[in-house]
Amino acid sequence: MDKDGIDLIIDKHQGEAGSLIQVLLEIQSENRWLPKEALERVSERLHVPLTRIQHIATFYKAFSLVPKGRHEIHICMGTACHVRGARRILDTVQDLTGIKPGETDLDLKFSLETVNCLGCCALGPVMEVDGEHHGKMAPARIAAVLQDYE
Ligand code: FES
């Protein structure tokens, strides 16, 4: 995301109460993460100290200070999924993508996270990609699912 793109977002929200969070949320949603240069620009334009922005960006889970992939994979490791083989699902995803939970691949295609329950335990083991649930997963099916994401 370039400086003009950031300025556009700031202009849109400037003057609004709580505009800092709105601006950060919009940069996060367009860019998928908050690069340091973006935070510096926001600090300069909104006259908010960089340390305060950094504090907010690290406090809220919605923000990421490291690059995120175009697609977010969540593997459920909750009890219901665990007993149905979630570990093998996670291992297979790690093998196929080359990343571990908390990481993003070099092509910025996938980010991987584990979660404690996706709220659909009867479908376990569950893998979620970009909010879409893939239930009753089997290691052999994972490659076909991931292949659909560019
Ligand atoms: S434990 Fe996996 S969806 Fe609930």
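These are my notebook entries on a predicted model of one protein.

**Ground rules**

I number residues from 1 along each chain as its sequence is written. The model is predicted, so I keep in mind that local features need pLDDT of at least 70 and side-chain atom pairs count only at pLDDT 80 or more, while totals for chains, interfaces and linings use all residues; side-chain values use heavy atoms, with hydrogens and water left out.

**Overall layout**

I looked up the elements and got seven helices and four strands. Here helices (H or I, at least four residues) and strands (E, at least two) are DSSP runs, numbered from the N terminus. Along the sequence the pattern reads α-α-α-α-β-α-α-β-β-β-α. The C-alpha atoms fill a box of roughly 50 × 30 × 25 Å along the principal axes. Of the 150 residues, 43% are buried. For me, buried means under 20% relative accessible area, exposed over 50% and partly exposed in between (1.4 Å probe, protein chains only).

**The sheet**

What is the strand order? I read it as β2-β1-β3-β4, an open sheet of four strands with mixed pairing. Two strands pair if DSSP finds at least two bridges between them. At the edges stand β2 (110-115) and β4 (132-134), each with a single partner strand, so one side of each has no neighbour in the sheet. On average, neighbouring strands are turned by 25° against each other, direction ignored. Axes are lines fitted to C-alpha atoms, for helices over the stretch in contact, and angles run from 0 to 180 degrees between N-to-C directions.

I then went through the pairs. β1 and β2 run parallel over six bridges, and Ile73 sits opposite Leu112 in β2. β1 and β3 are antiparallel over three bridges, with His74 opposite Glu128 in β3. β3 (residues 127-129) and β4 are also paired in the antiparallel sense, over three bridges. Glu128 turned up again there, with His133 as its bridge partner in β4.

Is β1 enclosed or open? Five of its six residues are buried, so β1 is largely enclosed by the rest of the structure.

Helix α6 (residues 86-97) lies across β1 (71-76), β2 and β3, and runs at about 155° to β1. Helix α7 (residues 139-147) packs on the sheet and touches β1, β2, β3 and β4; its direction makes about 10° with that of β3. Contact here means heavy atoms within 4.5 Å.

I also checked helix α1 (residues 3-13), where Gly5, Ile6, Asp7, Ile9, Ile10 and His13 are buried. The cover over these buried residues includes α2 (19-31) and α3 (36-46).

**Largest pocket**

I got about 370 Å³ for the largest pocket. A pocket is an open set of points on a 1 Å grid over the protein atoms alone, where a 1.4 Å probe fits, with protein on both sides within 12 Å along at least five of seven lines; lining residues have an atom within 4 Å of a point. Grid points are joined across faces, edges and corners, and the volume is the space filled by probe spheres set on the points.

Of the 19 lining residues, the closest to the centre are Lys61, Phe63, Ser64, Lys68 and Glu72. β2 gives the largest share of the lining, three residues. The lining splits into six nonpolar, six polar and seven charged. (Ala, Val, Leu, Ile, Met, Phe, Trp, Tyr, Cys and Pro count as nonpolar, Asp, Glu, Lys and Arg as charged, and the others, Gly among them, as polar.)

I followed up on Lys68, which is in the loop between α4 and β1. Lys68 is buried at 14% relative accessible area. Leaving out residues up to four places away in sequence, Lys68 touches Arg32, Trp33, Thr104, Leu108, Ser111 and Glu113.

Most residues other than glycine have a negative phi, and most peptide bonds are trans. Where is the cis peptide bond? I found it joining Gly124 and Pro125, with omega about -5°. Pro125 is in the loop between β2 and β3. Arg84 touches both residues, along with Cys121 and Ala122, not counting residues up to four places away in sequence.

Next, positive phi. His47 has phi near 55°, lies in the loop between α3 and α4, and counts as exposed at 70% relative accessibility. Asp130 has phi of about 50°, lies in the loop between β3 and β4, and is partly exposed at 39%.
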